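Good morning, and thank you for coming.

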Amino acid sequence: MGEQLRIRFEADGPGREEELRSLLGWLTDDRALRGHVELEPVVADRPGRMSPELEVILAAVSTAAGVLQLPLSYLAWRQSRRGRTPQVTVQVVGADPAEAEELLRRLRGETPDDAGETPA
């Protein structure tokens, strides 16, 4: 793995902060990510709110194990939200385009066949 990957998780719609807090808790509790992925909640003060609002989760992936495990943990979290599919936007920063696309494909739960590729 080249330079460190940074993944940005954002949510839209009603309950977006609740979804982000749930995702942050899920990823924080995943022992397989410890030492491989550093999580940073980004909060902002909003006028009229009594406490800061969680806006974004930043994940810094520093190892190949993290690149492999993070999509599995994220997909498990999405499946745990049965009955409602969270509207989460994922952005990958700091990777070459092919590496970023591969990570996004895994975060969507796609296999190589889904992307029109042939397995190696």
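Predicted model: local features only at pLDDT ≥ 70, side-chain atom pairs only at ≥ 80, totals over all residues.

Four strands make up an open sheet, and their order across it is E2-E3-E1-E4, with antiparallel pairing. At the edges are strand E2, residues 37-44, and strand E4, residues 88-93, each of which pairs on one side only. From one strand to the next, the twist averages 20°. In general, strands of a sheet pair through backbone hydrogen bonds. Here, E2 and strand E3, which covers residues 53-61, are joined in the antiparallel sense over eight bridges. To give one of the partners, Ala44 is bridged to Glu53 in E3.

Now to helix H1. It has 14 residues and spans 20 Å from its first C-alpha to its last, close to the 20 Å expected at 1.5 Å a residue. Which residues of H1 are buried? They are Glu17, Glu19, Leu20, Leu23, Leu24 and Leu27. Viewed down the axis of H1, these buried residues fall within an arc of 160°, and therefore they line one face of the helix. The buried residues of H1 pack against E1, E2, E3 and H2. On the other side of H1, by contrast, Glu18 and Asp29 are exposed.

A further helix, H3, comprises residues 97-107 and lies across strand E1, residues 5-11, and E4. The angle of H3 to E4 is about 155°.

Phe9 deserves a moment of its own. If neighbours within four places in sequence are set aside, the residues in contact with Phe9 include Leu20, Leu23 and Leu27. Val56, Leu70, Tyr74 and Val90 are also among them.

Finally, consider Leu72, in helix H2. Is Leu72 buried or exposed? Its relative accessible area is 54%, and the cut-off for exposed is over 50%, so Leu72 is exposed. Leu72 and Gly109 are 37 residues apart in sequence, yet their C-alpha atoms are 8.3 Å apart in space.

Note on methods. Residues numbered from 1 in each chain as written. Heavy atoms only, no water. Pairing = 2+ DSSP bridges. Helix = DSSP H or I, 4+ residues; strand = E, 2+ residues; numbered from the N terminus. Axes fitted to C-alpha atoms, helices over the stretch in contact; angles between N-to-C directions. Contact = heavy atoms within 4.5 Å. Expected span 1.5 Å × (residues − 1). Buried < 20%, exposed > 50% of the residue type's maximum accessible area, 1.4 Å probe, protein only. Arc of directions from axis to C-beta.
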